[in-house]
Amino acid sequence: MFAPAARLASKRLLEIRQIFRQSPSQTSRSFSTALNYHIDSPDNNPNTPWDFSDTNKEKVKDILSHYPSNYKQSAVIPLLDLAQQQHGGWLTVSAMNAVAKIIEVAPIRVFEVATFYSMFNRAKVGTYHLLVCGTTPCMIRGSREIEDALLKHLGVKRGEVTKDGMFSVGEMECMGSCVNAPMITVADYSKGSEGYTYNYYEDVTPKRVVEIVEMLRRGEIPKVGTQNPQRIMSGPEGGNTTLLGEPKPPPCRDLDAC
Amino acid sequence: MGLGLLALRATRTTSATLTRFSSSSPISRVPTISSFIRTIISTPELQKPEASAATQSDPLPEIHPPRTPLGGARVHFTNPEDAIEVFVDGYPVKIPKGMTVLQACEVAGVDIPRFCYHNRLSIAGNCRMCLVEVEKSPKPVASCAMPALPGMKIKTDTPIAKKAREGVMEFLLMNHPLDCPICDQGGECDLQDQSMAFGSDRGRFTEMKRSVVDKNLGPLVKTVMTRCIQCTRCVRFATEIAGTEDLGMLGRGSGEEIGTYVEKLMTSELSGNVIDICPVGALTSKPFAFKARNWELKGTESIDVTDAVGSNIRIDSRGPEVMRILPRLNEDINEEWISDKTRFCYDGLKRQRLNDPMIRGPDGRFMSVGWREALALVAEVVLKVKPKEIVGVAGKLSDAESMMALKDFLNKLGSNNVMCEGNGVNPQADLRSGYLLNSTISGLEKADVFLLVGTQPRTEAPMVNARIRKAVRATQAKVGYIGPPADINYDHQHLGTGPETLLEIAKGTHPFCASLLAAKNPSIVVGAGVFEREDKDAIFSAVETIAKNVKAIRPNWNGLNVLLLNAAQAASLDLGLVPESENCIESAKFLYLMGADDTELDKLPNEAFVVYQGHHGDRSVYRANVILPASAFSEKEGTYENTEGCVQQTLPAVPTVGDARDDWKIVRALSEVAGTPLPYDTLGSIRARIRTVAPNLLHVEEKELPIFNAELKPEVSQKMSKTPFGKAVENFYMTDSITRASKIMAQCSASLLASK
């Protein structure tokens, strides 16, 4: 008679104990994005003037021409992207205000978009912004070690910029290179919006990422794509193992035999 | 995905119960089984809510009794062919095409729980609380965003719908703090009520709840952003109704929060309404914080007097204290919004009040005396001066009864110099259409071109401004504005600053004339600030010419409007409070100020005897010889007429302060002491007297439309001056004695006007 009640009580007790056991270690949930509100600083406040450069003004015109004149606000993402490239990889409040002015919406509508997308940086990043993929396939293949190697080599924490302003490390969600996991992306803001590149370095190892960083520091551009010399793009290591010969034609069914 | 799973599980269980039903014989065998089971499990309903729901529901289709629509939901068929029929829980309802499923349910008398849906805001569909089951739809449907289709079978009380609501509620409560005991929304919280009605009694969330940084939105709105459930009602209100696009939804996922990004105060004159529309305690009233619980308060349905709109309000009081002011629904006047001044002026009712009758002694100081002495002194002085030298001024907040009594009293003494503040010299009181908002406030929505002459509705009458904004947003109505540069929160053309522009439009040479002529329902709004100008007759004749040219006055549309500034103005003109001589104040020996604080007293002769009857120690008290304390609008029953001619009454919510009395009673008592008793001594008999002067003032909550139009007015030969129009309201937050005494209004003018 009392068995169900006792079982229920013991189960509940277990649950309660579990909650208490968890709490000290798990104090807060971490979020991928930075703060969702702005704090004025000398290099980021609404009073600093900001405008697109003359060459980019042409690009702005081109971007706006893709949309009907009464739907200018659709251009918010391409314009923010352009502003971010021009401003060395991050968006100041005045840059967002400038975009709002161009597309004729209230600034808050631009802030909403910029805070929503994690690829818009609202805090300073390095000239080379290194993004480590942290999603499951890359994590299984050792993305944490890669991030640790980068952070240790550069002497920064995640989200920080090195003293010389050259590098910063961030985390990204899946960038679609799972077959070449683990991978990092290098957003290169060293040549402004004209020479902006966003390159994938795949099949990296903790040793290789450090080499990549050093090459970038010297101004060289490492080979893009897989870093495993034995792989061609996303093909298997050591050459193809299947589909080696000429593909055979599909077998022709002998309909009469059926 | 989660909801789909829930729905799947729910369907599975119902089909299980159904098979159980069909296998058992139709005669009551199921109850016996369940009573047998009861010996093992005490309450089977708790374990399987669907099963118990299924046992209770009657499988036979029954004839549905007619139901009453919810919350005043009305069906209006613009075109009878557009009517479609849907079934809500089997009950057929006819609704016009384009209505949503939720609205159809409301018409059918079924209340659908909701958080993000608000019938005056755009549809967001992000809270998912309004999920219902629709036949042939694979998953539950968000009823607020789903248009009703002909023959739709909507089910609101099926296990699927119940389970869906329970699941959504669990998600909403996941990050909602359990701080109801210290939350000001407690007791009137949508989340609290709906979690009791539709939620589960347990949750499965064992992680840490999130926390969000509170935002500073200014001195009126207190934020506890951790309580926010991201319904975005406040964002939509600020964007659509208040017209200040400051609030937004920042971030995403569980990091999502409401904010302004760059720290910014909410500089809207309607910001207080976000407190009402917030379904949880995230946005609450800062002045009311931790003051009272809503169930301790007594609500009194009354009328606002801080502007000429006469917004319908509910005064919530506890004992002798007004605790807060809330809006009341009135579709014709304020919809369900009120301005910040209306909502937060109440703390002015507790400060600077006049308690006792006072006489200024020879040393210049006031002494408290009894009513007898004070009235005797006033009567003694008033009988000594010549009738011509007696002047009476009614203040901004005076009710019709007291103005009637004051006028009758002074007339009995032989003086006809009675006026009301803000009407200027020589007010035109003969034609009602000459001082009323003839289009009516709700009628402004029909206008397609506005011409604002010397008026800034945003500061003079925020509720009228909200209507104009509504029209501009809904029908792209054009707005032309003549006046000083002003902050207008909708698209408008600034045509000019002075009367020259008005003349140009009257002559038809101004480019704006084209849009006025093309308009179907042109609406010209003249501010009451024009009343104070020397050349007001010339301005009004120019405006009338424009109205004639653009055919603004037709049998079914009157587009010539005057926007009044004060609550007393319309009634005072109806009662004929027009002074006999223009500069009576300059020659006055006895001045009776009935709550008049904005009258220029510089020209008043030094030897003049001033009686101030009012409720606040405000500007005029400095000049007064005798003070007679009166009751404020929250303490008396009084009749007010708003700018569109709608008559409404205030009701006493709290007792009067100290020895104060109602305004008309003081005048009546004074007339007795002065030996010329007025022939009425009850509110009923004074209203009977009003009936002989302005019978429309007794038709409460009715609009008496003016019959005669401006065409009957005599020709004017006045010269128009070149002086540009001024601002009638310098500081929106401080316009009368109550708001000037209010600490909250002082904070507002300090922080909000400074940041503009």
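In this predicted model, the centres of domain 1 and domain 2 of chain A, taken over C-alpha atoms, are separated by 24 Å. Nine residues of domain 1 of chain A and five residues of domain 2 of chain A make up the contact. The domain assignment places domain 1 of chain A at residues 26-116 and domain 2 of chain A at residues 128-226.

The two domains of chain A bury about 540 Å² between them. Carbon and sulfur atoms account for 50% of that area. Zero salt bridges are found across this interface. Three residue pairs are in polar contact there, both residues of each pair being at pLDDT 80 or more. On the side of domain 1 of chain A that touches domain 2 of chain A, two elements give two or more residues: α2 (54-64) and α3 (76-86) of chain A. The most comes from α3(A), with four residues. By class, this side of domain 1 of chain A has one nonpolar, seven polar and one charged residues.

The contact between the chains was examined next. It takes 22 residues from chain A and 26 residues from chain B. The area buried between chain A and chain B is about 2100 Å². Of this area, 55% is given by carbon and sulfur atoms.

One salt bridge is found across the interface of chain A and chain B. Its partners are A:R109 and B:E245. Their closest N and O atoms are 2.4 Å apart. Seven residue pairs are in polar contact across the interface of chain A and chain B, with both residues at pLDDT 80 or more. On the side of chain A that touches chain B, the elements giving two or more residues are α1 (3-22), α4 (93-103) and α5 (107-116) of chain A. The largest share, six residues, comes from α5(A). The class count for this side of chain A is 11 nonpolar, seven polar and four charged residues.

Chain B is divided into four parts: domain 1 (70-157), domain 2 (163-296), domain 3 (358-429 + 569-703) and domain 4 (438-563). Between the centres of domain 1 and domain 3 of chain B, taken over C-alpha atoms, lie 54 Å.

An unreviewed UniProt entry lists residues 160-199 of chain B as "domain: 4Fe-4S His(Cys)3-ligated-type". Over residues 160-199 of chain B, the chain is 60% helix and 0% strand. The end C-alpha atoms of residues 160-199 of chain B are 14 Å apart.

Methods:
Residues are numbered from 1 along each chain as its sequence is written. Chains are lettered from A and ligands numbered from 1 in the order in which they are written. This is a predicted model: local features need pLDDT of at least 70, side-chain atom pairs count only at pLDDT 80 or more; totals for chains, interfaces and linings use all residues. Side-chain values use heavy atoms; hydrogens and water are left out. Contact means heavy atoms within 4.5 Å. Buried area is the accessible area (1.4 Å probe) that two parts lose on being put together, summed over both. A salt bridge is a side-chain nitrogen of Lys or Arg within 4 Å of a carboxyl oxygen of Asp or Glu. A polar contact is a pair of N or O atoms within 3.5 Å; within protein, one must be able to donate a hydrogen and the other to accept it, and residues adjacent in sequence count only if both atoms are side-chain atoms. Ala, Val, Leu, Ile, Met, Phe, Trp, Tyr, Cys and Pro count as nonpolar, Asp, Glu, Lys and Arg as charged, and the others, Gly among them, as polar. UniProt positions are given in the numbering used here, feature names are shortened, and annotations may be inferred rather than shown by experiment. Domain bounds come from an automatic or database domain assignment.
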